[in-house]
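Hi,

Here is the structure I promised to pass on.

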Amino acid sequence: MSQLVFDESRARQMETLYRTRDVRRRRALVREALAARAGERVLDVGCGPGFFVEELLDEVGPDGAVVGVDVSPQMLAAAAQRCARHGNVDFRSADVTALPVEEAGFDAALCVQVLEYVGDPTAALAQMHRALRPGGRVVVWDVDWGTVSWHSAEPERMERVLRAWDAHLTHPSLPRTLGARLRAAGFAQVGAEGHVFATTALDPEAFGTGVVLKLVEEYVAGRPEVGPEQARAWAAEQRELGARGELFFACTQFCFTAVRER
Ligand SMILES: C[S@@+](CC[C@H](N)C(=O)[O-])C[C@H]1O[C@@H](n2cnc3c(N)ncnc32)[C@H](O)[C@@H]1O
């Protein structure tokens, strides 16, 4: 098993995980940075199951529109179902490096936790630049998995698990090059904000223990350097640390903003 697969079962899993408190906090931060206004046309690149699309439809109102693009048919089906009551929405199946959208047709674009899975993120950013009108805004959000700070009494096993998890995507620390990539794609006014997601409890609503713990356990069980037994033992330790009040998880996620000036 290599890169995470966005199939039917992942779409079902995301229906639950994307309702948790920290993922809702992340959506609120992205929407605040995007500042979509009534009447605007917004492009969601790698829209997944469509949580952002649904929320943005409320923000742009009946005179605006939202287009969601994703490569996974299962994600697009979930997104279309979520937004079925709206007429001003369109979902398109495509790779982010070949967006099937008109030149300069959008006021704003967002791309949340997608580019870290993409081979050529700069090409995808150039596509978003092309899709925006002059003055149009982009918000790009990715996790720097290299910032994960996770307590364990077995630090070597923790390190092995985290390095095995790095194989689930193409760029484990994409935020480190995102500013340069945005400028290379033609964007100006590049800004970046880091947001720490931390927990000291086995909290099902927290990013670390409600989302990452489950995904990592499942993923590294299929990796040769860890395997099912070690994965189970690693996750069991976290549950025990949680029960004793000794758990600690933190990681930094980055929100980049930029503008197409001309
Ligand atoms: C972690 S999910 C994020 C979904 C959504 N942006 C959100 O935050 O709610 C990543 C999404 O990116 C999509 N994706 C990954 N690589 C892609 C590519 N090359 N082209 C289009 N979509 C892609 C996946 O299918 C998946 O739906």
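Below is what turned up around the ligand and its pocket.

This is a predicted model, so to speak of local features we need pLDDT of at least 70, side-chain atom pairs count only at pLDDT 80 or more, and totals for chains, interfaces and linings use all residues. Numbering starts from 1 along each chain as its sequence is written, and side-chain values use heavy atoms, with hydrogens and water left out.

Polar contacts here are pairs of N or O atoms within 3.5 Å. A backbone N or O atom of G46 is 2.7 Å from a ligand nitrogen, while a polar side-chain atom of D70 is 2.6 Å from a ligand oxygen. D95 puts a polar side-chain atom 3.0 Å from a ligand nitrogen. On its own the ligand exposes 600 Å² (Shrake-Rupley, 1.4 Å probe), and the protein buries 95% of that.

The ligand sits in the largest pocket, meaning that more than half of its atoms lie within 2 Å of the grid points. A pocket is an open set of points on a 1 Å grid where a 1.4 Å probe fits, with protein on both sides within 12 Å along at least five of seven lines; lining residues have an atom within 4 Å of a point. The lining has 40 residues, with F6, G46, Q113, V114 and Y117 nearest the pocket's centre.

Cheers

Notes. Polar contact = N/O pair within 3.5 Å; in protein donor to acceptor, adjacent residues only side chain to side chain.
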